[in-house]
Amino acid sequence: MSPLAALAAIDAIRAHFAARHAANRETPAIAAELRNILALLETVDFSRADEEYLRPSGHPVVRQLQQTPPQNVDAATGAIFRAFLPQLDALPWRYSYAPRPDAPDIGERMAWAELVGPIAPFRSDKVCLGLTAIGPRLLYPRHYHPAVETYLVVSGAAAWTAAGITRIHPPGALILHPANIVHAMETGDEPLLAAYAWTGDVETLSAYEDDAGAAASHAPGKPNRTEPPPMNRT
Ligand SMILES: [Fe+2]
């Protein structure tokens, strides 16, 4: 993925967040977090990209997305969808939770691609920005992280659960996950594409609620650049 394509994709999300904030129709909590994300993105140096993180990943979630093209992309998120669609193969997709016996193929069916963050092409230790993809008919099990998380549904209507409440969120929905809230997503026949932002503690990785090894396998820390970096997000 070229740095220019990555910047175009980031700008599409950023412009959407700015427009949603300017429209003044979000809840006070979401409006405040959009303001926070936009301010933190101002601190990121977009003049240079670490191209180590712009290499195509070859992740099979891309084939799943292409086999079941997302539908019902609304006008509001269309610019983001169009910015990412030609880049799906080129995005740095990752899945790096420890294996789950109850979902042995989950790492082949969902992933996230981070463009801004501690270990991303555009470096920040204050804010993350990326895209999450979940293939059809898949549960992303209950998980949590100390970062405050904002999702924007780009395409696909999935069931989103947070604090025990489940809702179907359509494209265009903004979803705010406060720090350490336990949340999960489950797709139907359509895959889910969603942009995400993290603020606050963006260094501590996400952990499955039922992952007994979470403390060891998802411990915060700087990645060893000779090893594939751990990147459990979203
Ligand atoms: Fe999350």
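Modeller: Start with one definition. A residue counts as buried if 20 or more other C-beta atoms lie within 10 Å of its own. It is exposed if that count is 12 or fewer, and partly exposed in between. By that test, 39% of the 234 residues of the protein chain are buried. Keep in mind that this is a predicted model.

A quick view of the whole comes before it. The protein chain has 6 helices and 12 strands. Its radius of gyration is 16 Å, close to the 17 Å from the globule rule for 234 residues, so the chain is as compact as a globular protein of that length. The C-alpha trace spans about 45 × 40 × 35 Å along its principal axes. Take the contacts with a separation of 6 or more: 75% of them join residues 24 or more positions apart.

Now the helix itself. Just after α1 comes N24, with a positive phi of about 60°.

Which residues of α1 are buried? They are A6, A9, I10, A12, I13, R14, H16 and F17.

Is H21 buried or partly exposed? It has 18 C-beta neighbours inside 10 Å, so it counts as partly exposed. Leaving out residues up to four places away in sequence, H21 touches A31, L34, R35 and L38. A103 is another matter. H21 and A103 are 82 residues apart in sequence, and their C-alpha atoms are 38 Å apart in space.

Next, look at the core. The largest nonpolar core has 58 residues. Within it, L115, V127, A133 and A194 touch the most other members. The element that gives the most to this core is strand β11, residues 192-199, with 7 residues. Apart from residues up to four places away in sequence, A133 touches V61, L65, M110, A111, P191, L192 and L193.

For contrast, turn to strand β8, residues 165-169. How many of its 5 residues are buried? The number is 0, so β8 lies largely in the open. β8 belongs to an open sheet of 5 strands. The order is β8-β7-β10-β5-β12, and the pairing is antiparallel. β8 and β12 (207-208) are the edge strands, each pairing on one side only.

The partner of β8 is strand β7, residues 158-162, joined to it by 5 bridges. Opposite A158 stands H169 in β8. The two strands form a hairpin with 2 residues between them. A163, in the turn, has a positive phi of about 50°. β7 also pairs with strand β10, residues 183-186, through 4 bridges. There, A162 has H183 as its bridge partner.

So look at α1 with its eight names in view: A6, A9, I10, A12, I13, R14, H16 and F17 are buried, whereas H21 is partly exposed.

Notes:
Residues are numbered from 1 along each chain as its sequence is written. This is a predicted model: local features need pLDDT of at least 70, side-chain atom pairs count only at pLDDT 80 or more; totals for chains, interfaces and linings use all residues. The radius of gyration is taken over C-alpha atoms; the globule rule is 2.2 Å times the number of residues to the power 0.38. Two residues are in contact if their C-beta atoms, placed from the backbone, lie within 7 Å. A nonpolar core is a set of buried Ala, Val, Leu, Ile, Met, Phe, Trp, Tyr and Cys residues joined through C-beta atoms within 7 Å. Two strands pair if DSSP finds at least two bridges between them.
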